[in-house]
Protein chains: 2
Amino acid sequence: MAEYSLLAGGKRVRPLLCIAACELVGGDEATAMSTACAVEMIHTSSLVHDDLPCMDNADLRRGKPTNHKVFGEDMAVLAGDALFALAFEHMTALSSALVVSPKRKVRAVIELAKAIGTKGLVGGQVIDLCSEGLNRDDAGLERLEFIHLHKTAALLVAAAVVGAILGGGTEDEIKKLRKYARCIRLLFQVVDDILYVTKSTDKLGKSAGNDVVAGKLTYPRLISLERSRELAEKLSKEAEEQLLGFDPNKAVPLVALASYIAGRHNRS
Amino acid sequence: MAEYSLLAGGKRVRPLLCIAACELVGGDEATAMSTACAVEMIHTSSLVHDDLPCMDNADLRRGKPTNHKVFGEDMAVLAGDALFALAFEHMTALSSALVVSPKRKVRAVIELAKAIGTKGLVGGQVIDLCSEGLNRDDAGLERLEFIHLHKTAALLVAAAVVGAILGGGTEDEIKKLRKYARCIRLLFQVVDDILYVTKSTDKLGKSAGNDVVAGKLTYPRLISLERSRELAEKLSKEAEEQLLGFDPNKAVPLVALASYIAGRHNRS
């Protein structure tokens with residue numbers, strides 16, 4: 001049941017980011033691979049739990065029935081738990097001590113554990129659930145950004161940071177990758193929100209119904225469509241600026257990722 | 001909400017075992033403390049999830065309303081997730097690299113992650129949920145022991161093993177502690193099952209109702225009361241034998257734990 005959700009597709013942005021960050025600072029793919037897989041396991045785990053009837057009550061995920069729809073609620077809770085555990089096992093047990101020093105592994109565990117907990121995925125989901133049905137004035141941009149930064153950005157940022165740690169990046173390089181990842185995550189959300197309000201529901205790749213019913217917050221709703229587009233432009237530029245000091249050849253995938261997100265035309 | 005369940009009481013057997021194992025092999029309390037706390041967080045997390053309406057649907061835990069009864073199902077799922085994450089953060093971030101080498105920390109992470117996943121807590125709970133309502137012939141001793149070994153023994157054994165790892169135990173010492181912990185876990189279960197069928201329900205410290213309704217497996221039901229008592233005797237002896245090669249003064253808490261479990265008169 002864990003496999004069902006893990007292999008159900010998705011863009012694999014987080015693991016790609018992890019590996020690209022590792023390569024950017026001079027490491028190779030193999031060094032970051034088991035941790036990149038772990039990041040995707042953690043991401044999938046949080047989606048399985050978020051989709052549960054007691055949370056977002058989603059029937060579809062990535063175009064397929066959600067985990068609890070196929071295996072039942074009890075198994076979906078356990079599938080998420082198993083994926084969390086497997087992630088930490090995978091990243092510590094499978095990457096050889098010859099390739100990654102235990103010291104770097106420990107630092108990567110800390111980074112990913114923080115990205116899950118009360119200051120990451122869980123913290124963001126708690127505030128998100130508490131914000132449903134709030135109107136524009138009660139909600140506010142600050143709350144919206146808190147939710148995005150914790151619920152989704154935390155793991156994306158951690159993916160880039162652990163990639164840089166495992167690849168042997170300097171503290172300054174790690175810092176730049178942290179900032180790059182923060183920018184592209186916010187960029188993704190702003191673009192997603194713009195598409196959400198400008199595209200008709202039937203063209204969207206994910207079920208928009210739940211968001212509408214629950215009255216979720218979006219950037220255009222909060223700061224207008226025009227200012228949302230300006231923000232997207234600014235974030236795209238800021239992300240690319242973080243990559244200036246690195247080998248341009250190695251920066252190609254990360255530049256491409258920022259461009260891809262900025263120019264996206266479909267939510268999926 | 002994580003704190004509510006973490007500080008709701010309980011015997012703290014797992015963290016005590018972790019620290020006692022560390023001390024047995026020559027380490028001190030401080031070396032194992034953050035990992036001992038992590039073990040209790042993982043244990044609590046699994047209890048919070050197991051108590052959910054979609055699983056054991058328990059109203060009470062340690063004499064208090066269960067997490068979802070107080071905070072709601074969504075928050076209880078997230079509280080469990082947060083505790084999992086906090087456990088890994090706590091054991092890696094809070095124990096100084098001067099006291100515990102990164103190499104030992106990584107080994108401890110692997111051991112605990114395995115104890116949670118499909119070969120540990122989660123695996124045991126899945127088989128347990130699939131076994132409800134089975135009659136004696138369909139169930140069998142093998143299934144009962146599988147459930148106990150995975151659902152509960154895995155973490156208890158891991159607690160002792162990580163204590164020994166952190167304390168700098170030799171491979172042989174770690175092996176002995178693994179065997180000791182397996183014995184006392186099975187011992188605990190056999191004694192618990194004996195008390196369950198010989199004591200009246202109103203004297204029990206935990207709600208027996210769910211077990212009865214679901215037709216859970218017990219040792220007396222499977223191998224008779226007399227043979228259960230013989231098994232308890234055998235396990236108690238085997239546990240103490242594992243401690244023979246160590247400093248008798250340092251073995252005192254672990255000998256006492258085995259005696260306490262063997263002589264227990266109340267389920268709680």
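Q: What is the distance between the closest N and O atoms in the salt bridge of D59(A) with K69(A)?

A: Side chains of opposite charge can pair when their charged atoms come close. A salt bridge here is a side-chain nitrogen of Lys or Arg within 4 Å of a carboxyl oxygen of Asp or Glu. In this predicted model, D59(A) and K69(A) form such a bridge, with their closest N and O atoms 3.7 Å apart. D59(A) sits in the loop between α3 (29-50) and β1 (60-61) of chain A and K69(A) in helix α4 (residues 67-71) of chain A, so the pair ties together parts that are 10 residues apart in sequence. Helices (H or I, at least four residues) and strands (E, at least two) are DSSP runs, numbered from the N terminus. D59(A) is partly exposed, at 43% relative accessibility; buried means under 20% relative accessible area, exposed over 50%, and partly exposed in between (1.4 Å probe, protein chains only).

Q: How should I read the numbering and the confidence limits?

A: Residues are numbered from 1 along each chain as its sequence is written, and chains are lettered from A and ligands numbered from 1 in the order in which they are written. As this is a predicted model, local features need pLDDT of at least 70 and side-chain atom pairs count only at pLDDT 80 or more, while totals for chains, interfaces and linings use all residues; side-chain values use heavy atoms, with hydrogens and water left out.

Q: Are D128(A) and K151(A) buried or exposed?

A: D128(A) is buried at 9% relative accessibility, and K151(A) is buried at 15%. Their side chains meet in a salt bridge of 2.6 Å, N to O. This pair links distant parts of the chain, with D128(A) in helix α7 of chain A and K151(A) in helix α8 (residues 136-166) of chain A, 23 residues apart. Helix α7 (residues 121-131) of chain A is mostly covered, nine of its 11 residues being buried. Among those buried residues are L121(A), V126(A), D128(A) and L129(A). Just after α7(A), G133(A) has a positive phi of about 85 degrees.

Q: Which residue of chain B forms a salt bridge with D51(B)?

A: The partner is R61(B), and the closest N and O atoms are 2.9 Å apart. R61(B) is in strand β1 of chain B and D51(B) in the loop between α3 and β1 of chain B, so the pair ties together parts that are 10 residues apart in sequence. R61(B) is partly exposed, with a relative accessible area of 30%, whereas D51(B) is buried at 4%. In chain A, a network of salt bridges links R12(A), E40(A) and R62(A). Over all chains, the structure holds 18 salt bridges.

Q: How many residues of chain B are in contact with chain A?

A: The size of an interface is often given as the accessible area lost when the parts come together. Contact means heavy atoms within 4.5 Å, and by that rule 34 residues of chain B touch 34 residues of chain A. The buried area (accessible area, 1.4 Å probe, that two parts lose on being put together, summed over both) is about 2800 Å² between chain B and chain A, and carbon and sulfur atoms give 84% of it. Zero salt bridges are counted between the two chains. The elements that give two or more residues to the side of chain B that touches chain A are α5 (73-93), α6 (102-116) and α7 (121-131) of chain B. The largest share, 13 residues, comes from α5(B).

Q: Which residues of chain A does D74(B) contact?

A: D74(B), in helix α5 of chain B, is in contact with C54(A), M55(A) and L129(A), leaving aside neighbours within four places in sequence. D74(B) counts as buried at 18% relative accessibility.
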